[in-house]
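I opened the model to look up a few things and note them down. The entries follow in the order in which I made them.

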Amino acid sequence: MQIKVIGSSTAWSDRPCSSYCINNEILIDCGEGTTKLYNKLSIVLNDIKYIFITHTHSDHTLGLVQYLCQYVFYNPSEKYKTLTIFAPRGFTNYLHKLFKLVCHPKTVDLTQFINIVEIADFSKKIEIDGFIVTPYKLKHDNLLDIGYVFDDKQSKVGFSGDTTYIKNLETL
């Protein structure tokens, strides 16, 4: 499993915000500044198949609109593939509001090629491309925050986004 740290900062820093990439195909969060570092880190925009969002704070999601705009701009419509986004409940509504705030009204409907899976049942594991992903319910600023453990049968890695203290986090 190859993990690249794209950004690990907060919204109040001059460094890119939270975003991590696994095997150049999976993004965990997509904070502002994420897309600026793709080329530097040898990540091809079209290779991303899945995005996992931990929570809806701006330092974890604002780069998503820029990512999707670049995806549409650099790809002819016949090359669009469905991008699956796993996120907390309410994310679909949040993303639509974000598009309305940020995108020009004549911009192509960026949601036409997105499959959003809102996670509500934490007992279900997600199976994607050789990974078993286990979501965990966490808490951060009264938001639903989701932690994810990625297991490719050779190694495991967990991402928690931001969270309050959790006694058994190391066990997770």
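**Entry 1: strands and helices.** I took two strands as paired if DSSP finds at least two bridges between them. Helices (H or I, at least four residues) and strands (E, at least two) are DSSP runs, numbered from the N terminus. The model is predicted, so I noted its limits: local features need pLDDT of at least 70, side-chain atom pairs count only at pLDDT 80 or more, and totals for chains, interfaces and linings use all residues. Residues are numbered from 1 along each chain as its sequence is written, and side-chain values use heavy atoms, with hydrogens and water left out.

I looked at β7 (residues 126–128) and β8 (residues 131–140) and found that they run antiparallel, joined by three bridges. Glutamate 127 has isoleucine 132 in β8 as its bridge partner. Two residues lie between the strands of this hairpin, and aspartate 129 there takes a positive phi near 35 degrees.

Read from the N terminus, their order is β-β-β-β-α-α-β-α-β-β-β-β-β.

**Entry 2: the chain as a whole.** The chain has 172 residues, and 44% of them count as buried. Its accessible surface (Shrake-Rupley method, 1.4 Å probe; for residues, only the protein chains shown count as cover) is about 9,600 Å², and carbon and sulfur atoms hold 49% of that.

For contacts I required heavy atoms within 4.5 Å. Among the contacts with a separation of 6 or more, 55% are between residues 24 or more positions apart.

**Entry 3: nonpolar cores.** A nonpolar core is a set of buried Ala, Val, Leu, Ile, Met, Phe, Trp, Tyr and Cys residues joined through side-chain atoms within 4.5 Å. How many residues does the largest one have? I found 25, and Leu27, Ile48, Ile51, Leu64, Tyr67, Leu68 and Ile85 have the most contacts inside it. At least two residues of this core come from each of α2 (63–73), β5 (83–88) and α3 (91–102). Helix α2 gives the most, with five residues. I also noted a second, separate core of 17 residues, with Ile22, Tyr148, Phe150 and Val157 included. As a general remark, nonpolar side chains in soluble globular proteins tend to be buried together.

**Entry 4: aromatic rings.** Rings of Phe, Tyr and Trp (its six-membered ring) pair if their centres lie within 6.5 Å; planes under 30 degrees apart count as stacked, over 60 as edge-to-face and the rest as tilted. I counted nine aromatic pairs by this rule. In one of them, phenylalanine 52 and phenylalanine 150 sit edge-to-face, 5.0 Å from centre to centre and with 85 degrees between the planes. Phenylalanine 52 is in strand β4 (residues 50–52) and phenylalanine 150 in strand β9 (residues 143–151), so this pair links parts of the chain 98 residues apart. Phenylalanine 52 counts as buried because its relative accessibility is 0%, and phenylalanine 150 counts as buried because its value is also 0%.

Phenylalanine 150 forms another edge-to-face pair, with phenylalanine 159, at 5.9 Å centre to centre and 80 degrees between the planes. Phenylalanine 159 is buried as well. I found Phe52, Phe150 and Phe159 in one aromatic cluster with Tyr20, Tyr50, Phe86, Phe131 and Tyr148.

**Entry 5: threonine 61.** Is this residue buried or exposed? Threonine 61 is buried because its relative accessible area is 0%. I located threonine 61 in helix α1 (residues 58–61). Leaving out residues up to four places away in sequence, threonine 61 touches Cys30, Gly31, Ile53, His55, Thr56, Phe91, Tyr94 and Leu98.

For polar contacts I took a pair of N or O atoms within 3.5 Å; within protein, one must be able to donate a hydrogen and the other to accept it, and residues adjacent in sequence count only if both atoms are side-chain atoms. The side chain of threonine 61 makes such a contact with the side chain of tyrosine 94 at 2.6 Å. The side chain of threonine 61 also reaches the backbone oxygen of histidine 57, at 3.1 Å.

Definitions and conventions
Buried means under 20% relative accessible area, exposed over 50%, partly exposed in between (1.4 Å probe, protein chains only).
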